[in-house]
Amino acid sequence: MTKTRFGIIGVGGWGEFHVRVLQDHPFAQVTAVCDANIGRARSVAEKYGIPFATEDFHQLLKQDDVDSVSIITPDFAHLEPTLAALESGKNVLVEKPMATTLEDCIRISDLASRSKGKFMVDFHNRWSPPFYKAKDAIDKGELGKVQMISYRLNDTIFVPTKMLSWSGKSTVMWFIGSHSLDTLFWLFGKPLQRVYSVARSEVLASKGITTPDYYCCILEFEGGGTAMLENGWILSESTPNIIDLKCSILGSEGTIYIDGSHHRMLQKYTATEATYPDVFVLPTVYGKPGGFAAESIRHFADCIVENKQPMVGAKEGLAVTKAILAIEESVRSGHPVTLSK
Ligand SMILES: NC(=O)c1ccc[n+]([C@@H]2O[C@H](COP(=O)([O-])OP(=O)(O)OC[C@H]3O[C@@H](n4cnc5c(N)ncnc54)[C@H](O)[C@@H]3O)[C@@H](O)[C@H]2O)c1
């Protein structure tokens, strides 16, 4: 089988993870990288033996040996490379959120629907084993009708203050709320009808980062289901895992509890710290990238080589952006916001 040849646009922290996963895939190969920071592009190219590095994504898209593209630029910088990659007819995997305005999402959706290439948004929670099991139980009717989901996903303050240089230009809702919302839409399987949300800016603002500390949302779905969603960026750095993920799903005939972060499968105590290292999001095992974060990227490469449609696309990307914009409107107005059909 011939390999699909990837160009990676944006090789910061998460872009390098895409490189590792794709270099490890039996039928994929990374042939070009691009980063606005050319030093970073060159060092990633050298580290992984990639022949071409550039700071201009148009140059990457002109390469004859690039037929698929991963776009891993910051949350607010997905539009231009995504449109250009779709216009050039490549297969395109874009990180979440697909784009941060409705108009931009519609432009991407329109182009993706006309493109001969595959298109996917990296909503990787759909590959997370506990969420997969929960969805399977819901689909089999084991829980009856889903009544209420409580979903909490927080990052430690390390993420907005030390990991991301651009957190002040995004929000925790774009960064991890996008994953939470896609998961809720997938589990309920019904359109979102109404949202009410509160956000506050105090802790991060006091450190000069102008972005909300957290969002507390109530989401109402068609058919009567309700969700409570909490996404925050101010967990203490000393918490034993970089994320805190809890989810409870209450159905008319069954219940599921998920603890995605503090399940204590692995507890590590050293002279100076106690941690619960990640074992299923993106652990490295014998040097290979494992976990469900790698599975979604592999799925995209699999779909290209097997000529299948990726499981998540522009429709899901648009639904998430629409929801986040409604959440922002509710935060601003202090009132519930009904989503347009
Ligand atoms: N699926 C996940 O769980 C997950 C995890 C982390 C990050 N992400 C997403 O990945 C994206 C990047 O996040 P990150 O943590 O890697 O950030 P990062 O800051 O580490 O990397 C972003 C890189 O993009 C480069 N860049 C910016 N504009 C560019 C442009 N126009 N052309 C080429 N390069 C450009 C920057 O120089 C930087 O190296 C974000 O959208 C983020 O939400 C997803």
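Buried here means under 20% relative accessible area and exposed over 50%, with partly exposed in between (1.4 Å probe, protein chains only). The model is a predicted one, so local features need pLDDT of at least 70 and side-chain atom pairs count only at pLDDT 80 or more, while totals for chains, interfaces and linings use all residues. Residues are numbered from 1 along each chain as its sequence is written, and side-chain values use heavy atoms, with hydrogens and water left out.

On to the charged pairs. With a salt bridge taken as a side-chain nitrogen of Lys or Arg within 4 Å of a carboxyl oxygen of Asp or Glu, the count comes to 15. R152 and D244 make one of them, at 2.8 Å from N to O. This pair links distant parts of the chain, 92 residues apart: R152 sits in strand β7 and D244 in strand β11 (residues 243-251); helices (H or I, at least four residues) and strands (E, at least two) are DSSP runs, numbered from the N terminus. D244 is buried at 7% relative accessible area, whereas R152 is partly exposed at 31%.

Strand β7 (residues 146-156) also pairs with β10 (residues 226-235), in the parallel sense over 8 bridges; pairing requires that DSSP finds at least two bridges between two strands. Y151 has L229 as its bridge partner in β10. On β9 (residues 214-221), the pairing with β10 is antiparallel, over 7 bridges, and Y215 stands opposite N231. These two strands, β9 and β10, form a hairpin with 4 residues between them, and G223 in the turn has a positive phi of about 90°.
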